[in-house]
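Hello,

Here is the structure I said I would pass on. My notes on what I found in it follow below.

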Amino acid sequence: MKYILPRVAGLLLALFCLVVPAFAATKPGKPGKQSGKDEVVTITTSQGIIRLILFDDTPLHKANFLNKAQSGFYDGTTFHRVIAGFMVQGGDSNSKDADPTNDGQGQPNEATVAAELGAGHKHDYGAVAAARQGDFVNPQRASSSTQFYLVENHEGAHFLDGQYTVFGQVIQGLDVIDKIANQPKDIRDRPLADIKMTMKVEKLKRKKIAKLYGYTY
């Protein structure tokens, strides 16, 4: 199973080949009614801690990611592909094994999540988005149910807007994304030293999230 993601506008690159300071952001397109609380996902790595929230108007991706984060699925997986000035990608269960060459290939017949592009979220710095197979085999642009990436380019990666589902935003730890993106890597863009992650989900009042992390709902 291979997924594609452009390295730069106009070019496609196989995602699965052989391979802080608080951040304020305003979420486009508000859903009808929000609850008073929201989940904060904390990703702990050897390079530091990243915290993110997931958008209500991408409910399929939000539910899928929270389910996996809460179940421990992501614990022990790595950021297996990093490109400075672009993004860092992780979440493949293959990255838990001792074979680095299968990192990013995903599991055979792995489930997908229907695209939620209509919400209109952009690939801003710190955006959380889902990897997917390329249009030539996946014209519906359905997302991987496991692999995700965090935009590291400080100007964003807007050539991907409308093509890959953006379903969350980093609210703390942008500097950690930068550190991960700049780690030494091999010719497949895989870090030479494993950057493993663990995840924790905490439900907080939205007002508290806004106060702690400067995030605007």
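**Gln147 and its surroundings**

The side chains of Gln147 and Gln89 are joined by a polar contact of 2.7 Å. A second polar contact, of 3.3 Å, links the side chain of Gln147 to that of His80. Please keep in mind that this is a predicted model.

Gln147 sits in strand S9, which covers residues 143–151. Is Gln147 buried or exposed? Its relative accessibility is 1%, and the cut-off for buried is under 20%, so Gln147 counts as buried.

**The largest cavity**

Gln147 is also one of the residues that line the largest cavity. The volume of this cavity is about 60 Å³. Besides Gln147, the lining includes Ser144, Ser145, Thr146 and Phe148. Also in the lining are His61, Asn64 and Phe65, together with Tyr74, Ala130 and Phe167.

Which element gives the most to the lining of the largest cavity? It is S9, with 5 residues. Both H1 and S9 supply at least two residues each. Sorted by class, the lining has 6 polar and 5 nonpolar residues, and no charged ones.

**Leu60 in helix H1**

Helix H1 runs over residues 59–71, and Leu60 belongs to it. With a relative accessibility of 47%, Leu60 counts as partly exposed; that class lies between the limits of under 20% for buried and over 50% for exposed.

Leaving aside residues up to four places away in sequence, Leu60 touches Val113, Ala114 and Glu116. As for Ala115, its C-alpha atom is separated from that of Leu60 by 8.7 Å, while the two residues are 55 residues apart along the chain.

**The protein as a whole**

The protein has 11 strands and 3 helices. Along the sequence, they follow the pattern β-β-β-β-α-β-β-β-β-β-β-α-β-α. Of the 217 residues in the protein, 51% are buried. The accessible surface comes to about 9400 Å², and carbon and sulfur atoms account for 54% of that surface.

**In short**

For a look at the model, two places to start are Gln147, with its polar contacts to His80 and Gln89, and the cavity of about 60 Å³, to whose lining S9 gives the most.

Regards

Definitions and conventions. Residues numbered from 1 in each chain as written. Predicted model: local features only at pLDDT ≥ 70, side-chain atom pairs only at ≥ 80, totals over all residues. Heavy atoms only, no water. Helix = DSSP H or I, 4+ residues; strand = E, 2+ residues; numbered from the N terminus. Buried < 20%, exposed > 50% of the residue type's maximum accessible area, 1.4 Å probe, protein only. Areas by Shrake-Rupley, 256 points an atom, 1.4 Å probe, with all protein chains shown as cover. Polar contact = N/O pair within 3.5 Å; in protein donor to acceptor, adjacent residues only side chain to side chain. Contact = heavy atoms within 4.5 Å. 1 Å grid on protein atoms, 1.4 Å probe; cavity = no way out; pocket = protein on both sides within 12 Å on 5 of 7 lines; lining within 4 Å. Points joined across faces, edges and corners; volume = space filled by probe spheres on them. Nonpolar A, V, L, I, M, F, W, Y, C, P; charged D, E, K, R; others polar.
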